[in-house]
Amino acid sequence: MTDRRIVITGIGVVSPLGNDLKTTWENLKAGRNGIDLIKSMDTSDYPAKIAGEVKDFDPAPYFKSPKDARRVDRVTHLAVAAASMAIKDSGIEVEKEDTTRIGVMIGSGIGGLGTLESQHKILLEKGPHRVSPFMIPYMISNISSGIVAMEYGFRGPNMTIVTACATSNHNIGEAWRIMKFGDADVMITGGAEASIRPTGLAGFSNMKALSTRNDDPATASRPFDIDRDGFVMGEGSGIVVLETLEHATKRGARIYGELVGYGVSSDAYHLTSPLPNGEEAARCMQMALDHAHMNPEEVGYVNAHGTSTPLGDICETKAIKSVFGDYAKNGLLVSSTKSMTGHLLGAAGGVELAACVMALQDQVIPPTINIFNQDPECDLDYVANEAREVHFNAALSNSFGFGGHNSTVIVKRI
């Protein structure tokens, strides 16, 4: 790989806390909750009835034509919207660029679940000849990446990595690696998810992964609290524009920060449970630090995967302590923004990297809300319940996925 430096020049977010970056970030800093009873479907027969839904969202303005917007799945609505906002935020004038040097890597853990459900219903009720010819292309997880490229004419590297809840970080990290190899000057990258659907809710509910604190949605997501009872589903999209520093400087771009480290590993242990000692999550973080040529003490903030599951929060805490040593309990700040957004699955890492970048910009660490009784086995400083102003220069973001997929990215001020 070359020593090309890769920076972030644009950010786009659609989340349960807002349909743009500014609103989402202000709500994260304020410790506001984005979780409520599900409005988009009847949950009468489901154990879990709560989620972090995107609210009052109109995809039409982000597509070339209303017809294009009507056709595609909600996951693509979210991805195209966030990508459009990120590109606009970056200030890139596409018509002046060599579009063979601009690539797209946008992932989704589950893809077009709504399309799959609706077309399967048609198949059962009306027969195979009534199934839409668009079902397959609008259902597959890579289609958002393809459509963003089509919308803007980006002809550089284009692909999708699907690694469950680690999806965004893997797409961002591999886009970084592609740029390090010199195969692109700009990459539009991140993730999107829209799985608050009957099948998605049933599947996660029946594996006992979800919180059933339906009578109090605002406090249902409780990372690191001893009374946590599972994660809360969320939806949304987080997309960043990565550029080489040379390219960004040449066009006079505003730079949010530099992406300096990326780590990837596998637990090779269990379908859904993390490795109990956190060994591979720790190796993933250490790899990111090694790529960044950074000591652990140079990281001021860790945006934890922190899903609010009984096992996951403990395993991640162990991993952080393994990597950061004494500093983990004497200076390092950790928080889980999933306490406010819910778990955005394949989109989580994109939104959480955006949170890290904005935390660096404002020098404010977003809190972990709903810590009422901290688990003794989760014994770090999780910035409980209120944001904290602090001077720091680098942030690390973890995302771990079913199947044992681990991913870490590090961003620093420039």
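I started with Leu345, which is buried at a relative accessible area of 3%; buried means under 20%, exposed over 50% and partly exposed in between, with a 1.4 Å probe and protein chains only. Leu345 is not a glycine, yet I read a positive phi of about 55° for it. Most residues other than glycine have a negative phi. I placed Leu345 in the loop between helix H12 (338-341) and H13.

A note on the source: this is a predicted model, so local features need pLDDT of at least 70 and side-chain atom pairs pLDDT 80 or more, while totals for chains, interfaces and linings use all residues. Residues are numbered from 1 along each chain as its sequence is written, and side-chain values use heavy atoms, without hydrogens and water.

Next I checked Gln363, also not a glycine, with a positive phi of about 55°. Gln363 sits in the loop between H13 and strand E11 (364-365), and it counts as buried at 13% relative accessibility. Helices (H or I, at least four residues) and strands (E, at least two) are DSSP runs numbered from the N terminus.

Then I looked at how H13 packs. The axes of H7 (residues 167-180) and H13 (residues 348-362) come within 5 Å and cross at roughly 70°; axes are lines fitted to C-alpha atoms, for helices over the stretch in contact, with angles from 0 to 180 degrees between N-to-C directions. I therefore logged H7 and H13 as roughly perpendicular (65 to 115 degrees). Ser168, Asn169 and Ile172 of H7 touch Ala348, Gly349, Gly350 and Leu353 of H13, contact being heavy atoms within 4.5 Å. I sorted the residues of this contact into three nonpolar, four polar and no charged; Ala, Val, Leu, Ile, Met, Phe, Trp, Tyr, Cys and Pro are nonpolar, Asp, Glu, Lys and Arg charged, and the others, Gly among them, polar.

Last, the largest pocket. How much space lies in it? I noted about 570 Å³, a volume being the space filled by probe spheres set on grid points joined across faces, edges and corners. A pocket is an open set of points on a 1 Å grid over the protein atoms alone, where a 1.4 Å probe fits, with protein on both sides within 12 Å along at least five of seven lines; lining residues have an atom within 4 Å of a point. I found 32 lining residues, with Thr272, Pro274, Thr309, Gly312 and Phe402 nearest the centre. H11 gives the largest share of this lining, six residues.

Notes. Angles under 35 degrees count as roughly parallel, over 145 as roughly antiparallel, 65 to 115 as roughly perpendicular and the rest as oblique.
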